[in-house]
Amino acid sequence: MSRSVTERDFRMPEFRDARAEDYEIRQDGKVVRKDRWETAIHQIQGIVGSRRNEFEISEVVDDVYKLKGNWQDADPEEDPELPMIDLRLSCGTILTRCERRSKPFTYHWEFGAIDFTSKDFGADVVEWQASPAATDATA
């Protein structure tokens, strides 16, 4: 036995049981949920933080910054002048705990016995950040 076609059958699946008051039309004309920003911050908080219900948005932003790191563009003219840094290579590899050796700046990665100099910055070395391992050790 078949049923009669209703107006609901013509709706897009994502809007079949939706309530109009939960949606708005974005500037580009797309129909979107009004709570999309709140939903997104809860999703991000669940990814980077704990699953607790109560939190401040600033806490989520801080957690994102911790996850992202504080990467700086590697410029051969700018010496990081730090005792220990992490390096991101052009291939995407990250080398942690590279120790400063000399001036003009040279950083040594102990695990691979490799030295990186200003000539490598901006070429093989694309980004650097203060090594969290160094800041954790001093805290």
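## Strand β4 and its partners

Strand β4 and strand β8 (residues 125–130) run antiparallel and are joined by 5 bridges. Strands here are DSSP runs of E with at least two residues, helices are runs of H or I with at least four residues, and both are numbered from the N terminus. Two strands pair if DSSP finds at least two bridges between them. In β8, Gln-129 stands opposite Asp-86.

β4 is also joined to strand β5 (residues 94–102) by 4 bridges, again in an antiparallel arrangement. Leu-87 has Leu-95 of β5 as its bridge partner. The hairpin of β4 and β5 has 4 residues between the strands, and Gly-92 takes a positive phi near 100 degrees there. Of the 6 residues of β4 (residues 84–89), 5 are buried, so the strand is largely enclosed by the rest of the structure. Buried means under 20% relative accessible area, exposed over 50%, and partly exposed in between, with a 1.4 Å probe and protein chains only.

## Helix α2

Helix α2 (residues 57–68) has 12 residues, which at 1.5 Å a residue should span 16 Å; its end C-alpha atoms are 16 Å apart, in agreement. The expected span is 1.5 Å times one less than the number of residues. Gly-69, with a positive phi near 90 degrees, follows α2.

Val-61 lies in α2 and is partly exposed, at 38% relative accessible area.

## Basis of the model

The model is predicted: local features need pLDDT of at least 70, side-chain atom pairs count only at pLDDT 80 or more, and totals for chains, interfaces and linings use all residues. Residues are numbered from 1 along each chain as its sequence is written, and side-chain values use heavy atoms, leaving out hydrogens and water.
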